[in-house]
Amino acid sequence: MSFSPSQRIAITGAGIVSPLGLGWEANERSLAADRSAFRPVDFFDTTGLIAKTAGVVDLPAESPFHRISPHKQGHVDRGTRMLLLAIREALAQAGRSGMDGIDALVIGTSAGAMPLGEAYFESARHDPGRIPSQLSRAEHYQPQRQMNSIADEFGWRGPVIIVSNACASGANAIGWGADMIRSGRCKRVLAGGFDALARLVFAGFDSLRALAPSGIPRPFDAQRDGLALGEGAAVMLLEAEGARQSDALGDVAGYSTATDLHHLTQPDPEGKAAIRTMTSACAQAGVSPAQIGYINSHGTGTPFNDVAEASAIAAWAGDAVSTIPVSSTKSAMGHLLGGAGAVEAVICLMALRGQWLPASLNVRTIDPAVRFDLVQKFRQASFEHALTNSFGFGGTNATLVLQRRTA
């Protein structure tokens with residue numbers, strides 16, 4: 001295969017695990033019902049923290065791993081279990097029972113298996129004599145070791161690429177996977193992202209006073225007071241059109257990434273990097289802003305992010321801005337960090353397939369910076385292209401454009 005910038009990148013399978021449910025159908029039902037999924041965090045101590053709630057995934061009690069030993073399963077973290085469930089759904093949707101024929105696994109994550117590192121630290125602090133026997137926790141804290149467990153489960157020996165670009169990790173992983181196919185290096189790539197709630201991450205966001213004290217994020221609301229964290233995973237099976245072996249659900253039509261050097265944790269108020277990624281991703285997809293029928297915004301609910309993104313969308317869209325529907329599904333499930341971009345890309349695919357728009361919940365008064373059509377209730381729509389933005393600490397920005405398939 002040779003490089004073809006215009007080559008169609010088909011999505012033939014997709015899997016999703018979020019606080020709104022396990023799998024495509026459960027998430028679609030929750031989004032259609034405008035349901036939110038925030039509840040008190042009960043698997044680590046939130047004493048002394050401002051925020052107490054998050055979007056929590058209800059994982060099944062039984063392990064999704066069937067082929068690796070119980071000993072190895074003991075080193076698999078919560079987030080990787082979510083990722084495996086998403087992978088299994090994506091493969092099943094594509095009519096596959098395993099990973100044979102897949103050329104690469106590209107996964108984005110921000111925290112990796114951080115809870116295992118936290119457990120190692122607690123053991124070292126309270127029982128220093130047991131440190132040697134606990135080193136496996138530190139070893140499996142590394143995200144590549146978690147991916148090895150997934151590869152082992154399928155008996156797969158292909159390349160694994162880890163993308164860790166903060167909150168843009170999942171989107172960048174999908175974009176990178178698509179680029180690997182466009183470049184001719186691969187025919188099929190399984191790409192996505194994941195993150196589970198971790199005490200250190202939760203406390204870090206809390207210390208930055210980035211979390212909403214109320215526990216309820218209100219993206220694009222004039223009185224928004226912060227984000228809520230969540231957890232989840234999503235993957236897409238991407239295939240070159242000429243080598244496609246399964247029916248296509250949609251296409252990854254465009255992708256772009258850029259760096260915002262304004263501040264470590266605050267975006268450029270004018271959203272220059274966001275404008276660049278939206279413009280470049282649409283150029284690759286061959287569409288204008290007016291042809292974008294839905295934007296799943298980064299929309300965290302923090303004072304700085306939402307104004308910067310709203311300004312960027314207005315500058316990018318120009319006269320078409322008022323006609324473009326926009327929402328933030330973080331309002332329903334929280335910010336999934338390294339998994340956010342992948343989960344939100346799958347939601348865009350679901351919306352394109354079902355011809356509907358998910359809502360931005362909890363909005364009381366729309367911020368004056370908003371010039372687009374803010375979707376506040378689930379509604380039906382007719383559109384061919386969806387765009388999703390992901391922006392991360394450190395200035396990493398990513399935009400994906402997805403295209404509907406009708407045949």
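Reader: How do the residues of the lining of the largest cavity divide into nonpolar, polar and charged?

Author: This is a predicted model, in which local features need pLDDT of at least 70, side-chain atom pairs count only at pLDDT 80 or more, and totals for chains, interfaces and linings use all residues. Residues are numbered from 1 along each chain as its sequence is written, and side-chain values use heavy atoms, with hydrogens and water left out. Ala, Val, Leu, Ile, Met, Phe, Trp, Tyr, Cys and Pro count as nonpolar, Asp, Glu, Lys and Arg as charged, and the others, Gly among them, as polar. On that basis the lining of the largest cavity divides into four nonpolar, two polar and two charged.

Reader: How much space lies in the largest cavity?

Author: A cavity is a set of points on a 1 Å grid over the protein atoms alone where a 1.4 Å probe fits but cannot get out, and its lining residues have an atom within 4 Å of a point. The lining here consists of Ser 30, Leu 31, Asp 34, Arg 35, Thr 329, Ala 332, Ala 359 and Leu 361. Grid points are joined across faces, edges and corners, and a volume is the space filled by probe spheres set on the points. A search of the whole structure finds one cavity of 30 Å³ or more, and the space in the largest cavity is about 40 Å³.

Reader: Is Ser 169 buried or exposed?

Author: Ser 169 belongs to helix H7, residues 169-182, where helices (H or I, at least four residues) and strands (E, at least two) are DSSP runs numbered from the N terminus. Contact means heavy atoms within 4.5 Å, and Ser 169 touches residues including Gly 108, Thr 109 and Gly 338. Buried means under 20% relative accessible area, exposed over 50%, and partly exposed in between, with a 1.4 Å probe and protein chains only. Because its relative accessible area is 0%, Ser 169 is buried.

Reader: At what distance does the side chain of Ser 169 reach the backbone nitrogen of Asn 165?

Author: A polar contact is a pair of N or O atoms within 3.5 Å; within protein, one must be able to donate a hydrogen and the other to accept it, and residues adjacent in sequence count only if both atoms are side-chain atoms. From the side chain of Ser 169 to the backbone nitrogen of Asn 165, the distance is 2.7 Å.

Reader: How far apart are the end C-alpha atoms of helix H10?

Author: The expected span of a helix is 1.5 Å times one less than its number of residues. Helix H10 (residues 303-317) has 15 residues, so it should span 21 Å, and this agrees with its end C-alpha atoms being apart by 22 Å.

Reader: Which residue just after H10 takes a positive phi?

Author: Within H10, the buried residues include Asn 305, Ile 313 and Trp 316, and what covers the buried residues includes helix H9 and strand S15. Just after H10, a positive phi of about 65° is taken by Gly 318.

Reader: What distance separates the C-alpha atoms of Asn 296 and Thr 388?

Author: Asn 296 lies in strand S10 and is buried, with a relative accessible area of 0%. Among the residues it touches are Leu 387, Thr 388 and Asn 389. Although Asn 296 and Thr 388 are 92 residues apart along the chain, their C-alpha atoms are separated by 4.6 Å.

Methods. On a 1 Å grid over the protein atoms alone, a cavity is a set of points where a 1.4 Å probe fits but cannot get out, and a pocket is an open set with protein on both sides within 12 Å along at least five of seven lines; lining residues have an atom within 4 Å of a point. Lists of a residue's contacts leave out its neighbours within four places in sequence.
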